[in-house]
Amino acid sequence: MDRAQFAADQWQKEWPEINSLPMLTLGRLAEVSARIMQQKLEPFFAEHGLHPGEFDVLATLRRSGEPYALTPTQLYEATMVSSGGMTNRIDRLEKAGFVERRKNPNDRRGVIVALTTAGFDKITQLIPMHVQNEENILASLSTDELKQLNRLTKKLLADLDN
C-alpha cells in the first residue's frame with residue numbers, strides 16, 4: 001500500500017487548496033527508507049550477528065584503510081550512528097572480538113578503536129554480500145534511473161546543509 005498517496009489523496013479531498021506534492025514526496029522517501037531498513041537491511045545484518053550500527057562501525061573502520069583504526073569521535077563523524085550509541089556499539093563489538101580499544105599514539109589521554117583480525121575478516125566477508133543485497137533492493141531501477149535518483153537526493157542533501 002502506498003500510504004503517502006493515501007494521505008495525499010485524503011488531503012486533496014479534504015483541503016484541495018493545499019499542495020500535497022511535498023507531503024507525498026517526503027512521505028514516500030520516509031516509507032522507502034523505513035521499508036528497506038526493516039525488510040532488507042536489518043534481516044541481513046541480524047543473519048550475520050550484527051545490528052545495523054555495528055555493521056556501520058566495522059565498515060567505517062575497514063574503509064578507513066590501514067591501520068583500520070579511528071578515534072571514537074572520528075567514528076561518530078563518519079558513520080550514520082548517533083554519538084550516544086557509539087560507546088554501546090564499540091562495547092558490543094569489543095565483546096564480540098571484532099574491535100579493540102588501544103591507546104592513541106597521538107593523544108596520551110585518548111583511545112583509538114581498531115579492527116581485530118576477526119573484525120577485519122568478518123567485514124571483508126560481509127561487504128560483497130551487502131553490496132549484492134543493495135543491488136537486489138535497487139534492481140527495479142535502471143542504471144539511468146539510479147543515477148537520476150542519486151543526483152536528486154544529492155541535491156536535496158546539499159540544500160539541507162545550507
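Helices α3 and α6 are roughly perpendicular to each other in this predicted model (angles under 35 degrees count as roughly parallel, over 145 as roughly antiparallel, 65 to 115 as roughly perpendicular and the rest as oblique). Because the model is predicted, local features need pLDDT of at least 70 and side-chain atom pairs count only at pLDDT 80 or more, whereas totals for chains, interfaces and linings use all residues. Residues are numbered from 1 along each chain as its sequence is written, and side-chain values use heavy atoms, with hydrogens and water left out. Helices (H or I, at least four residues) and strands (E, at least two) are DSSP runs numbered from the N terminus.

## Helix α3 and its partners

Two packed helices are described by the angle between their axes and the distance between the axes. Here the axes are lines fitted to C-alpha atoms, for helices over the stretch in contact, and angles run from 0 to 180 degrees between N-to-C directions. The axes of α3 and α6 come within 10 Å of each other and cross at roughly 100 degrees. In their contact (heavy atoms within 4.5 Å), F55, L58, A59 and R62 of α3 meet F120, I123, T124, L126, I127 and H130 of α6. Sorted by class, the residues of this contact are seven nonpolar, two polar and one charged, where Ala, Val, Leu, Ile, Met, Phe, Trp, Tyr, Cys and Pro count as nonpolar, Asp, Glu, Lys and Arg as charged, and the others, Gly among them, as polar.

Helix α3, which spans residues 52–63, also has an axis that comes within 10 Å of that of α5, and the two cross at roughly 80 degrees. The contact draws on G53, E54, V57 and L58 from α3 and on M86, R89, R92 and L93 from α5, and by class it holds four nonpolar, one polar and three charged residues.

Most residues other than glycine have a negative phi, and most peptide bonds are trans. In the loop between α3 and β1 lies P67, and the peptide bond that leads from E66 to P67 is cis, with omega near 10 degrees. The loop between α3 and β1 also holds Y68, a residue other than glycine whose phi is positive, near 55 degrees.

Strands of a sheet pair through backbone hydrogen bonds, either parallel or antiparallel. In this model, three strands form an open sheet in the order β1-β3-β2, with antiparallel pairing. Strands β1 (69–70) and β2 (99–104) stand at the edges, and each has a single partner strand, so one side of each is left without a neighbour in the sheet. For a pair to be assigned, DSSP must find at least two bridges between the strands.

Strand β1 runs antiparallel to β3 (residues 107–115), and two bridges join them: A69 has its bridge partner in A114 of β3, and L70 has its partner in V113 of β3. Helix α5 (residues 83–95) packs on this sheet and touches β2 and β3, with its direction at about 115 degrees to that of β2.

The antiparallel pairing of β2 with β3 extends over six bridges, and these two strands form a hairpin with two residues between them.

## Pockets

Rolling a probe the size of a water molecule over the atoms shows where empty space is left. On a 1 Å grid over the protein atoms alone, a cavity is a set of points where a 1.4 Å probe fits but cannot get out, and a pocket is an open set with protein on both sides within 12 Å along at least five of seven lines; lining residues have an atom within 4 Å of a point. Grid points are joined across faces, edges and corners, and a volume is the space filled by probe spheres set on the points.

| Pocket | Volume | Lining residues by class |
|---|---|---|
| Largest pocket | about 1,300 Å³ | 18 nonpolar, seven polar, nine charged |
| Second largest pocket | about 230 Å³ | five nonpolar, one polar, one charged |

The largest pocket is lined by 34 residues, and those nearest its centre are V32, S33, I36, L41 and I137. At least two lining residues of the largest pocket come from each of α1 (3–14), α2 (21–47), α3, α6 (117–137) and α7 (143–161), with α2 giving the most, twelve residues.

The second largest pocket is lined by L26, L29, T153, K154, L156, L157 and L160. Helices α2 and α7 each supply at least two residues of this second lining, to which α7 gives the most, with five residues.
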